[in-house]
Amino acid sequence: MAKKTNYSYIGIAFIILVFGIIFIPKIIDRLSNNDITREESRSKSVSTQDLENASNNIQSDLVYIPDGRGGNRKVPAFSFTDQNGKTITNEDYLGKVYLVEFFFTTCPTICPRMNYNLVQIQNEFKDYENDFGVASFTIMPDVDTPEVLKAYADKYGITNPNWHLMTGDEEQIYKLANEGFYLYTAKGEDAAGFEHSGNFALIDKEGYIRSRLTSKDNPLIYYNGIISEEEGVDDEGIPQEITILKEDIAKLLKE
């Protein structure tokens, strides 16, 4: 019985020796050539070079928004009058990263909060005035004349020369909001008689709407413009998105 056991140990040792001779050199060779995948080795560590490559890839978490026709959603052509009486078109923003909002100056609810946040963003990117801007479209153009918009800009501390508060044909403004950006705008039943989205659209230098992914295949599309960084979350527990918006503006400015 003892001899049989000894033979068993000898057999196991022989198998281990053969395995080592045949397979260990191959494993070492694959490791030296970085040929082990995550599925094969889940304990693989991230190299310093991997981290550098990831940090240098400024587009890694920003995507284009599909337009439903096989392309990417782009800002449609527009032409309106700003607070200085100047005609502003979509082409004036080419080469700049900018934000889009729809608002009106007598809005008693979300507009003051939105524009407070936009002014905070403006101030953070004050060194990039030539490359960053804001397009604010009033949904109450009959009241919001260039003079009214100018007073509103002064009241809120709007100083960026590429922040245009625009007014014009009401039908064209509503079409731009609802069909161009899919940012809901309508004459509603609230106290002010108007309804509109509290979101901001982020536009890149070529005029495309961009955003980060919230999961593998789902873009955020628009950024909540109502909740401030100071608040953190609203009464319903929804977190602010101004911080990530600033991060994404910075990334697009580097493109």
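Let's start with helix 6, residues 242-253. Helix 6 has 12 residues and spans 16 Å from first C-alpha to last, close to the 16 Å expected at 1.5 Å a residue. That expected span is 1.5 Å times one less than the number of residues. Helices here are DSSP runs of H or I with at least four residues, strands are runs of E with at least two, and both are numbered from the N terminus.

A word on the source. This is a predicted model, where local features need pLDDT of at least 70, side-chain atom pairs count only at pLDDT 80 or more, and totals for chains, interfaces and linings use all residues. Residues are numbered from 1 along each chain as its sequence is written, and side-chain values use heavy atoms, leaving out hydrogens and water.

Back to helix 6. Which of its residues are buried? They are Ile-242, Leu-245, Lys-246, Asp-248, Ile-249, Leu-252 and Leu-253. These residues sit on the same side of helix 6, because they cover an arc of only 165° around the axis. The arc is taken from the directions that run from the helix axis to the C-beta atoms. The general rule: an α-helix has 3.6 residues a turn, so residues three or four places apart point the same way. Buried means under 20% relative accessible area, exposed means over 50%, and partly exposed is in between, with a 1.4 Å probe and protein chains only.

Next, the annotated residues. UniProt, in an unreviewed entry, lists Cys-107, Cys-111 and His-196 under "binding site". They are spread over 90 residues of sequence, yet they cluster in space, with a largest C-alpha distance of 10.1 Å. The UniProt positions follow the numbering used here, feature names are shortened, and annotations may be inferred rather than shown by experiment.

Take them one by one. Cys-107 is buried, at 7% relative accessible area. Cys-111 is buried too, at 0%, and lies in helix 3, residues 110-124. Setting aside neighbours within four places in sequence, Cys-111 is in contact with Phe-103, Phe-104, Tyr-152 and His-196. Contact means heavy atoms within 4.5 Å.

How many disulfides are there? The count is zero, where a disulfide is a pair of cysteine sulfur atoms within 2.5 Å.

His-196 is in strand 8, residues 195-196. His-196 counts as buried, at 12% relative accessibility.

Now Gln-83. Gln-83 is in the loop between strand 2 (79-81) and strand 3 (87-89). At 9% relative accessibility, Gln-83 is buried. Its side chain reaches the backbone nitrogen of Leu-165 at 2.8 Å. A polar atom of that side chain also lies 3.1 Å from the backbone oxygen of Trp-163.

Last, two backbone angles. Most residues other than glycine have a negative phi. Tyr-182 has a positive phi, near 60°, and sits in the loop between helix 5 (170-181) and strand 7 (185-186). Ile-221 has a positive phi near 70°. Its loop runs between strand 10 (209-212) and strand 11 (223-224). Ile-221 is partly exposed, at 26% relative accessible area.

Methods
A polar contact is a pair of N or O atoms within 3.5 Å; within protein, one must be able to donate a hydrogen and the other to accept it, and residues adjacent in sequence count only if both atoms are side-chain atoms.
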